[in-house]
Amino acid sequence: MKDLTTLLFKIQTATRMPAAGHVLVSEPFLSEECFNHGVMTIIDYLPEEGATGVVLNNRCEYTLDKLLDGVHTEEAIPVFCGGPTAQDRLFFIHTLGPEIVPDARRFADGLYVGGNFDAALDYINKGYPTEGCIRFFIGYSNWVEGQLEKEIEEGTWANMPNVPTPEELLTDAGDSYWHRTVKALGHDYRSWQLLPRNVTCN
């Protein structure tokens, strides 16, 4: 008997080469906890070396004040699990740019990674908005040469043709974020939305 999962939910669409700033959406049966119903942004990509990215919507159990001294804000700022690599490392992506966070590195239109951490902390402590502006991560995701291209070709990730705005990428979290992004992929991916994050619920 043929695999009904493959028949019902495998999408046959044209694939795109990845690039920094692209958004990847995990197929619904990707079971690894860090990537299950995950939405990823690529931070670095070199075909001869591989790629680096972070899962945008996987909120972890920590808030920023639990991990760092010097966070003085009433808002409980969430921290996200960016991936399984270097989970002892905290970093951030943002829309603030080098004018607010010196030494920030642009990796896509309106999106930056890192920069002066004290400046980022000062921004937070002054009560400026974080949702849609700045997001903190533990760990990142990494692919060796050719690995990401193969996973996209196999349908593990949908490489989104129309990237959301930087503010949208840093807004919302969890399963609703994945469903929202799958909807933006278009009609071909409608079947993906039929599955909950925990498939045993179906």
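This is a predicted model: local features need pLDDT of at least 70, side-chain atom pairs count only at pLDDT 80 or more; totals for chains, interfaces and linings use all residues.
Biologist: Which residues of helix H3 are buried, and what covers them?

Modeller: Within H3, residues 117-125, the buried ones are Ala119, Ala120, Leu121, Tyr123 and Ile124, and their cover includes helix H2 (64-67), strand S6 (85-94) and strand S9 (134-144). Just after H3 comes Gly127, with a positive phi of about 85°.

Biologist: How do you know that the buried residues of H4 line one face of the helix?

Modeller: In H4, residues 147-154, Leu148, Glu149, Glu151 and Ile152 are buried; viewed down the helix axis they fall within an arc of 165°, and therefore they line one face. Lys150 and Glu153, on the face turned away from that buried side, are exposed, while the buried residues pack against S1, S2, strand S3 (50-55), S9 and strand S10 (157-159).

Biologist: Why are Lys150 and Glu153 called exposed?

Modeller: The word is kept for residues with over 50% relative accessible area, so both of these residues lie above that cut-off.

Biologist: Which residues touch the most other members of the largest nonpolar core?

Modeller: Among its 26 residues, they are Val54, Leu56, Ile93 and Trp192. Helix H6 (174-185) gives the most to this core, with four residues.

Notes. Residues are numbered from 1 along each chain as its sequence is written. Side-chain values use heavy atoms; hydrogens and water are left out. Buried means under 20% relative accessible area, exposed over 50%, partly exposed in between (1.4 Å probe, protein chains only). Helices (H or I, at least four residues) and strands (E, at least two) are DSSP runs, numbered from the N terminus. Contact means heavy atoms within 4.5 Å. A nonpolar core is a set of buried Ala, Val, Leu, Ile, Met, Phe, Trp, Tyr and Cys residues joined through side-chain atoms within 4.5 Å. The arc is that of the directions from the helix axis to the C-beta atoms.
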